[in-house]
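Here are a few quick notes from my pass through this one. Have a look at the model first, then read on.

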Amino acid sequence: MFKNFHGYYLVEAYHEWKKQHRVKDKTVSRAIRLVIAIVLALVVWCLPVENWIDGMTIIQKRTMAIFLFAILMWLLEAVPAWTTSVMVVVLLLFTTSDSSLVFFEQADAANLGAQTSYKSLLHCFADPIIMLFIGGFVLAIAASKSGLDLVLARVMLKPFGKKPKFVLLGFILVTGLFSMFLSNTATAAMMLALLGPILKALPADGKGKIALALAIPIAANVGGMGTPIGTPPNAIALKYMNEIGINIGFGQWMAFMVPLTVVLLLIGWFMLLKLFPFKAKSIDLKIEGETKKDWRSIVVYVTFAVTVLLWVLDKATGVNSNVVAMLPVGVFAITGILTKRDLEEINWSVLWMVAGGFALGVGLQETGLAKTLIAAIPFGSWPAIIMVVGSGLICYAMANFISHTATASLLVPILAAVGSSAAVSQNLAPLGGVTTLLIGVAIGSSLGMVLPISTPPNAIAASTGMFEQKDMIKTGLIMGAFGLVLGYLMLILLGSSHLIG
């Protein structure tokens, strides 16, 4: 992650914890999980086509085998999630694309079927949504180098005074706001670093420490829902909506998601106060750190403000949010604020995770596998409410145990293909259509925060040792329940009124 970020040592501690956890996890166990994934995928790959769905071609069967491989690898975590995404792209290129190995192209040519374009697969990494994330990462790096993050934290927390309950509210709202535009992991690390002296000063026998320590991951996870760049599942859902003609801009996303985010943050605040009341009567905030006032810092401040403003007003200005994301990259590069060393700090594993999900979607669409599955499974006859809410619950359950990005990468391509088909689209229309379906998955992903392994912010907070796992489970379940209920009520209300989509 970003070495310039205040609290970077917490991110390093998190990665060290993961490393130690992997070391303790016996190599034999990981090898068994890897073999299971490969063998089951090969079974699907090798079975005769006629044993499968009517009309399925060899290319579609290969795509299904790769899709199954991705599911099992992400669920079993035999290798890092981003590694699986890279392998998905490579396998699709070499076995299902129009530039695949000659051996695969000649096999049973009569029943080969439509191939994916190798250009489409390679474009997945250079997709405009990827550039949107790169712009967000560059803003985060520049904000940390210039001290803008500390300035904002100091200014934003000052109005909340010294009363514990309001200090808690301040940390929740500021963390939530930061995580809308910066990395959730880096935001959690920075805010927990600022909390360090406060946690040490609080009474040892009080529960206020637990409230403050849990406030950061809750706010970081929930805050990411507010913007398309707040968390990868948002961007994945947005991309597939744009591809099927549902054009939701950066500002429009914020218009309905920020209010939901604020309500959930306030619910989190109230919940933490009730579950973990403070014993201290006052808290003295002292945010220390260097803030720079040279011309480069001024450039960062102005560019940050202009970029966020252009994102929010993308519909009014006519400039796409993906294009806006290139503004800070260009400005910081030409002024020397962004160096080649800084480029090494971009979270490339997240970008590969997103690209792998996009590649699976390309494979499903261009091989015709999505249409074949839709024709074989009577989605159109299912009650709309079961499809909408059921997909959200499945996503939420998965996101508590595997990467949020992996969860969205698996579910969104399928749901986008299903929801955009004529029969299913008509069935979903009263509840807001495919928009409700896909945004619901993004919401369900962000709300998966029951365990320390659910998200990096959770793991970083758990490393402080200020609370027990049962505390995180309790608060995670409560936030998940409120988030899913309020999120779907909002989506169905707005969707049925044709206010989104």
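1. Start with the aromatic cluster made up of Phe125, Trp348 and Trp352. Keep in mind that this is a predicted model.

2. The count of aromatic pairs comes to six. In one of them, Phe125 and Trp352, the ring centres are 4.5 Å apart and the planes sit at 35°, so the pair is tilted. This pair ties together distant parts of the chain: Phe125 is in the loop between helix 6 (118-122) and helix 7 (128-146), while Trp352 belongs to helix 19 (residues 348-366), 227 residues away. Phe125 is partly exposed at 24% relative accessibility, and Trp352 is partly exposed too, at 28%.

3. Phe133 and Phe137 make another tilted pair, with 6.3 Å between centres and 45° between planes. They are four residues apart in helix 7, so about one helical turn separates them. Buried or exposed, these two? Both Phe133 and Phe137 are buried.

4. There's also a charge over a ring: Lys239 lies over the face of Phe358, 4.7 Å from the ring centre.

5. On the surface, check the nonpolar patch of Val28, Ile32, Ile36 and Leu40, which together have about 350 Å² of accessible area. Ile36 sits in helix 2 (residues 27-46) and is partly exposed, with a relative accessible area of 37%.

6. For the overall picture, the protein has 26 helices and zero strands. Of its 501 residues, 55% count as buried. Among contacts with a separation of 6 or more, 79% come from residues 24 or more positions apart. The accessible surface is about 20,800 Å², and 67% of that belongs to carbon and sulfur atoms.

How values were computed
Residues are numbered from 1 along each chain as its sequence is written. This is a predicted model: local features need pLDDT of at least 70, side-chain atom pairs count only at pLDDT 80 or more; totals for chains, interfaces and linings use all residues. Side-chain values use heavy atoms; hydrogens and water are left out. Helices (H or I, at least four residues) and strands (E, at least two) are DSSP runs, numbered from the N terminus. Buried means under 20% relative accessible area, exposed over 50%, partly exposed in between (1.4 Å probe, protein chains only). Contact means heavy atoms within 4.5 Å. Accessible areas come from the Shrake-Rupley method with a 1.4 Å probe; for residues, only the protein chains shown count as cover. Patches are made of residues with over 30% relative accessible area and no salt bridge: like charges are joined within 9 Å, nonpolar side chains (Val, Leu, Ile, Met, Phe, Trp, Tyr) within 5 Å. A salt bridge is a side-chain nitrogen of Lys or Arg within 4 Å of a carboxyl oxygen of Asp or Glu. Rings of Phe, Tyr and Trp (its six-membered ring) pair if their centres lie within 6.5 Å; planes under 30 degrees apart count as stacked, over 60 as edge-to-face and the rest as tilted. A charge sits over a ring if NZ of Lys or CZ of Arg is within 6 Å of the ring centre and within 35 degrees of the ring normal.
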